Amino acid sequence: MKHLGERLAALFLIACTLARAQAPTTPALRPDGMSQVPATQGFTFVRIQWSGEGYGIFARGNGPLWSHDFPTAEENFYMALHALTAVPMTFENKILTLADEEIFNYPLLYICEVGYWVPEKQEAEHLQEYVQRGGFLIFDDFRGGFEWRNFSDQIQRIVAEPPQLLGLEHPVFHCFFEFQQVGDHAPYGRWKPIFYGLYDQRKRLIGIVNYNNDIGDGWEWPDVDREFSTEAFKLGINYLIYAMTH
């Protein structure tokens with residue numbers, strides 16, 4: 001319970017810091033008024049479950065790769081989103097597979113540990129249709145050459161265009177929080193975070209690739225590295241706002 005209290009206190013301090021950096025009309029953190037809205041009227045965080053072996057290199061606990069940071073990461077993200085924006089949300093921690101038809105009901109999907117992700121044929125086809133319909137993807141929590149090569153091989157099955165580096169001038173870094181710099185806080189030591197964008201043939205940004213990075217860790221552990229977590233929450237909120245407005 002003590003550690004939970006420390007984590008919530010750190011999350012509160014991060015929310016207050018970000019609120020001061022944002023417009024003065026930003027809603028304050030309300031520990032009581034986090035009421036749910038129907039799924040059809042609010043944002044639902046959807047995490048993708050995928051099949052595969054292994055538990056990753058830096059896992060803090062047990063569980064399959066796709067579940068790392070679950071459910072604390074999304075719970076904390078909901079709290080930060082509620083504190084800092086007026087986005088309606090369901091507060092549901094949704095888990096789906098890419099074979100589920102239900103993915104088409106949600107505008108954003110989160111897929112982590114993609115260094116070992118190998119979607120089945122039907123899953124790849126569903127994901128391709130998902131982005132063609134306007135869906136947005138966040139790929140997170142992978143690092144190093146081996147994992148990049150696997151991700152690159154798999155994403156070529158989904159989109160025709162290879163991942164492209166995202167410069168700081170891209171609107172995704174300015175659509176809610178204004179980033180003057182990004183990627184200076186590395187969760188994996190010697191690996192510097194790099195941000196890539198995925199584009200469709202119409203040049204629409206359809207996904208963000210957090211390479212050498214793990215913003216899910218930042219959401220889950222605000223009491224461990226407050227500076228990194230602050231950036232992680234800012235990135236996550238910007239990704240969501242961009243996805244919902246483009």
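Helices here are DSSP runs of H or I with at least four residues, strands are runs of E with at least two, and both are numbered from the N terminus. By that count, the chain has 6 helices and 7 strands. This is a predicted model, in which local features need pLDDT of at least 70, side-chain atom pairs count only at pLDDT 80 or more, and totals for chains, interfaces and linings use all residues. Residues are numbered from 1 along each chain as its sequence is written, and side-chain values use heavy atoms, with hydrogens and water left out.

**The chain as a whole**

- Along the sequence, the elements follow the pattern α-β-α-β-β-α-β-α-β-β-β-α-α.
- The chain has 246 residues, and 54% of them count as buried (buried means under 20% relative accessible area, exposed over 50%, and partly exposed in between, with a 1.4 Å probe and protein chains only).
- Taking contacts between residues at least 6 apart in sequence, 73% join residues at least 24 apart (contact means heavy atoms within 4.5 Å).

**Where two helices pack**

- Two packed helices are described by the angle between their axes and the distance between the axes.
- Helix H2 (residues 72–84) packs against helix H6 (residues 226–245) at an angle of about 70°, and their axes are 10 Å apart (axes are lines fitted to C-alpha atoms, for helices over the stretch in contact, and angles run from 0 to 180 degrees between N-to-C directions).
- H2 is therefore roughly perpendicular to H6 (angles under 35 degrees count as roughly parallel, over 145 as roughly antiparallel, 65 to 115 as roughly perpendicular and the rest as oblique).
- On the H2 side, the meeting residues are Asn 76, Phe 77, Ala 80, Leu 81 and Leu 84, and their partners in H6 are Phe 233, Gly 236, Ile 237 and Leu 240.
- By class, this contact of H2 with H6 has 7 nonpolar, 2 polar and no charged residues (Ala, Val, Leu, Ile, Met, Phe, Trp, Tyr, Cys and Pro count as nonpolar, Asp, Glu, Lys and Arg as charged, and the others, Gly among them, as polar).

- Leu 198 sits in strand S6 and is buried, with a relative accessible area of 0%.
- Beyond its neighbours within four places in sequence, Leu 198 is in contact with residues including Phe 139, Ile 155, Val 159, Pro 163 and Val 209.
- Asp 200 lies in the loop between strand S6 (194–199) and strand S7 (205–211), and Asp 200 is also buried, at 14% relative accessible area.
- The side chain of Asp 200 reaches the backbone nitrogen of Arg 202 at 2.9 Å.
- Not counting residues up to four places away in sequence, Asp 200 touches Glu 161 and Ile 206.

**Backbone details to look for**

- The peptide bond from Phe 70 to Pro 71 is cis, with omega near -5°, and Pro 71 is in the loop between strand S1 (43–48) and H2.
- Phe 91, in strand S2, has a positive phi of about 60° although it is not a glycine.
- Glu 113 is another residue other than glycine with a positive phi, near 55°.
- Glu 113 belongs to the loop between S3 and helix H3 (121–132) and counts as buried at 3% relative accessibility.

**An exposed loop residue**

- Glu 101 is in the loop between strand S2 (89–96) and strand S3 (108–112), and counts as exposed at 54% relative accessibility.

Terms used
A polar contact is a pair of N or O atoms within 3.5 Å; within protein, one must be able to donate a hydrogen and the other to accept it, and residues adjacent in sequence count only if both atoms are side-chain atoms.
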